2 protein chains.
Amino acid sequence: MAELRIALAQIDTCVGDLTGNAEAVAAWTRKAADAGARLVAFPEMTLTGYPIEDLALRASFQRAADSAVRALAADLATAGLGDVTVVVGSVGTGGGSRPTNRAVVLRGGEVIAHYDKHHLPNYGVFDEARIFVPGDQPAVVDVDGVRVGLAICEDIWREGGTVEQLAAHGVDLLLVINGSPYEEGKTHLRLESAAARAAQVSAPLAYVNMVGGQDDLVFDGGSFVLDADGTVLASAPQFVEHMLVWDATTGGAQRPGPQAQTLDADEEVYRALVTGLTGYVRKNGFTSVVLGLSGGIDSALVAAIAADAIGGENVVGVGMPSRYSSDHSKDDAADTAKRIGADYRVVPIAPMVDAFESNLHLEGVAAENLQARMRGVTLMALSNMEGHLVLATGNKSELAVGYSTIYGDAVGGFAPIKDVDKSRVWALSRWRNNHAIDRGEIPPIPESSITKPPSAELRPGQVDQDSLPPYHLLDEVIDAYVERSEGRAELLARGFDPEVVDRVVSLVDRAEWKRRQYPPGPKVTGVAFGRDRRLPVTNRWREPAV
Amino acid sequence: MAELRIALAQIDTCVGDLTGNAEAVAAWTRKAADAGARLVAFPEMTLTGYPIEDLALRASFQRAADSAVRALAADLATAGLGDVTVVVGSVGTGGGSRPTNRAVVLRGGEVIAHYDKHHLPNYGVFDEARIFVPGDQPAVVDVDGVRVGLAICEDIWREGGTVEQLAAHGVDLLLVINGSPYEEGKTHLRLESAAARAAQVSAPLAYVNMVGGQDDLVFDGGSFVLDADGTVLASAPQFVEHMLVWDATTGGAQRPGPQAQTLDADEEVYRALVTGLTGYVRKNGFTSVVLGLSGGIDSALVAAIAADAIGGENVVGVGMPSRYSSDHSKDDAADTAKRIGADYRVVPIAPMVDAFESNLHLEGVAAENLQARMRGVTLMALSNMEGHLVLATGNKSELAVGYSTIYGDAVGGFAPIKDVDKSRVWALSRWRNNHAIDRGEIPPIPESSITKPPSAELRPGQVDQDSLPPYHLLDEVIDAYVERSEGRAELLARGFDPEVVDRVVSLVDRAEWKRRQYPPGPKVTGVAFGRDRRLPVTNRWREPAV
């Protein structure tokens, strides 16, 4: 009977930051060695960061990643960690212009083995068939007499391939390194896929996942170890860097390790949003954010998330009342800022609106949009002067139906709740306030922001429900039509009112078109004789000097 | 010896417009029949439009495309065209959620055969591995005793697969339907790939390509027929809908058909830009455009392209002078509008700028950006009031190095010259003016706009060359670094000055990051628990009523 202490280091990497990521690997390997671990595993594409999109295709980046792997192996040995077996992710090169998605095994100052991901996901948020070539060879590493088979993320979600080959080889442990983005309820699906593979190889499975925000994705960690029969033997918490230590046994029953508490649904989503914003701000070199505070629930929730992410003292809230803003809105905006300890300023937009309207005769939607755009320009001016990242505060429901002004309230570098529907905005706000009350703290969101009827306040007496179905209904139709790609036939079969379906479907179609038609800042649609490079926003990689 | 008259119908389709595309097929089939053709071939994904991105994955769309194919077959027969063999592109369904990229063969009111594309391109502008499953069966159709093998676009650019199988089968003609986007110099590459396949199957090859603008791509037509030895037997012009008729011969030498004139390099690019803008405006339901006229060459060239695309009377030019605008700029702006017959208006931005500056103290880049943003808001206000599409006038050089204001001059739904560098802007402007002179027309671009030093006029005396390398040098470095993905080592090996390389590389990296960081209107980066649907901008598809 042999024992092997392993450490699953769920760390927060940054795309392109080869140096910083390697330093993190060295520091966590030291911690693992101090804890007596003989094998320490890091998430998918540890050194390069993930997802790296077309950055992977750049020859000079591939060369630098190769060097970084070799340097890391040598540095670990120099630091007296050469006898620990370290599994890190990077890119594998050697073939054509496309690399592989690779796990390398470092020991004794050298790369002693590698494994290239076989199943490349190419749906939803994944584009891996575009940037990687698949591997087709299984890899087994001997660590103190324990045979450890390697796999990367998607490899355990599909049948066949290298895991099937490992089953024939025989392994004592299946080690899977992952960059698995957070989705609500996904933990359950991960456990199911992992259990199927553990059964297939008749061995325990150790799953290590990355954590942190990267561009518009959030990685939640939640690493775990399963026994061959699917029993959860050990688990790590979500949304924090963590090292899960567990002792594998060969020739005997497996022993359980530490188990993390699970989060309830609203807390899980809220912490995902905080993690996403934290990563975006820090990894892009910002230290502060600015946002418009309207007194409504959306901007109040975003302010609370921002305060939890980077501290209320690094949040600038700007009240930008127009002639249609109600007194309660102005009060609630100021109150929100006070509750979270934000810097609060008031910039009335009436003079700017007047300057435009005396030059251009505007009415209807054009006049409403003008107000929103004056606010967008104000926030960008503050950003340009003071360096804050502008946050957009739109929620998924209003973005889906086009209740948003392009170059107006849509202005911003990051939109924390763009994938959170209005029903959820209320639920998260209530959860966050109750969470504060439970801890004897001041609830960050004014109660009246939660209870009052939603309004854009772009004309007198306007409320959202004048022109939209009730939000609980709207959100259900959006979910079915947008997220689950159901057609009119399927929507009607669910029992939705045909008028509501017609209204929502036509609003969504029009909004989606507008969004694509007037896409970005400078990267607008135009004649292109090649596609813009697909690169991550957050990317620390710079061409090396020669 | 048998003869078969074929017609290659290079038509302009629209994504999602199943009805309109089917009507076009019927109309052109009538023309082909009138010209005595027995076989008429249309471009890749004729009925659905191309490229359709994730629209292909929508089950209700797949069902509608299936119905459209069957209805078209029946309609052709009803119209007395049942004895013509018609090859059209669509999606093939039946398997899982992903369809195939399919060619269907219609005759006698029925679908008599189909072929599913084997090689799916997944690089550059193509994402086909994401949305289609590959086919693996070759298809040969007998038309009046002539054996016609089928292939789709990428199938002839790579070795192996169904074309290799056709070579073993033996065919009299290889028919290739294409959606091949325009790139400068690509005609040559297409002929090379086609010649290799014609030799492989020992038969002539007929190549039909789509034409027209679709989102940010331009398709140039340029259909052709090659003999088995690579000789061009017939060719169609670029950038126009056209039917190329040619008589195939079996058991004897092939006879040549009509040959189109080739365009010189500047004319080819200019016509690609006009085609791209025409398609975007028309297919998205606009009839007019609005753009800022600064008096500089970029906005003058865009105005000329717009006038050529949709007529000068449908162009609104807006002069938006600031306190830094020179008199010659104002004169040249008015002159540009007059030359192309555009509606011209002047909206001075000083009052709006003053209204902001009396509320917010702005200096440096923040003050420069404010001016650009007042112009962006003005154009959007006119668009909202009057329904024009806003054109952004930035060129590739300035966008690449970040000489552009997000939510300012970058505002717009379409940017005709975003992929045209400044050196090319001058060349195209000269070509367009000379072209007018050759035809005895008024040159659209004021001579002084071409000759004066470029300036953003955002502060007194500012010119681009104060802070940028000369444009001919800048454009070369951008081309190597951005388009050809060369690293610093490769750039220096080309002999570029290290200081210029450092300057340009750091500007490009920063601009690219800014562009990604502050991307679009409402579709800003933010926490997403799924990726936004990837849909075309131009998309006529609407959920059918049930």
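Biologist: Which residue follows helix 8 of chain B, and what is its phi like?

Modeller: That's B:Gly341, with a positive phi near 75 degrees. Keep in mind that this is a predicted model.

Biologist: And which residues of helix 8 of chain B are buried?

Modeller: B:Ser329, B:Asp332, B:Ala333, B:Thr336, B:Ala337 and B:Ile340. They cover an arc of only 135 degrees around the axis, so they sit on the same side of helix 8 of chain B.

Biologist: Why would residues three or four places apart point the same way?

Modeller: Because an α-helix has 3.6 residues a turn.

Biologist: What do the buried residues of helix 8 of chain B pack against?

Modeller: Helix 7 (297–310), strand 16 (315–319), strand 17 (343–346) and helix 13 (447–451) of chain B. On the face turned away from the buried side you get the exposed residues B:Asp327, B:Asp331 and B:Lys338.

Biologist: Switching to chain A: where does UniProt put the "active site" feature?

Modeller: The unreviewed UniProt entry places it at A:Glu44, A:Lys117 and A:Cys153. They span 110 residues in sequence, but no two of their C-alpha atoms are more than 9.8 Å apart, so they gather at one spot.

Biologist: Is A:Glu44 buried or exposed?

Modeller: Buried, because its relative accessibility is 1%. A:Glu44 is in the loop between strand 2 (39–41) and helix 2 (59–78) of chain A, and its contacts include A:Lys117 and A:Cys153.

Biologist: Where does A:Cys153 lie, then?

Modeller: In the loop between strand 7 (146–152) and helix 4 (162–169) of chain A. A:Cys153 is buried, with a relative accessible area of 7%, and among its contacts are A:Asn178 and A:Gly179.

Methods:
Residues are numbered from 1 along each chain as its sequence is written. Chains are lettered from A and ligands numbered from 1 in the order in which they are written. This is a predicted model: local features need pLDDT of at least 70, side-chain atom pairs count only at pLDDT 80 or more; totals for chains, interfaces and linings use all residues. Side-chain values use heavy atoms; hydrogens and water are left out. Buried means under 20% relative accessible area, exposed over 50%, partly exposed in between (1.4 Å probe, protein chains only). Helices (H or I, at least four residues) and strands (E, at least two) are DSSP runs, numbered from the N terminus. The arc is that of the directions from the helix axis to the C-beta atoms. Contact means heavy atoms within 4.5 Å. UniProt positions are given in the numbering used here, feature names are shortened, and annotations may be inferred rather than shown by experiment.
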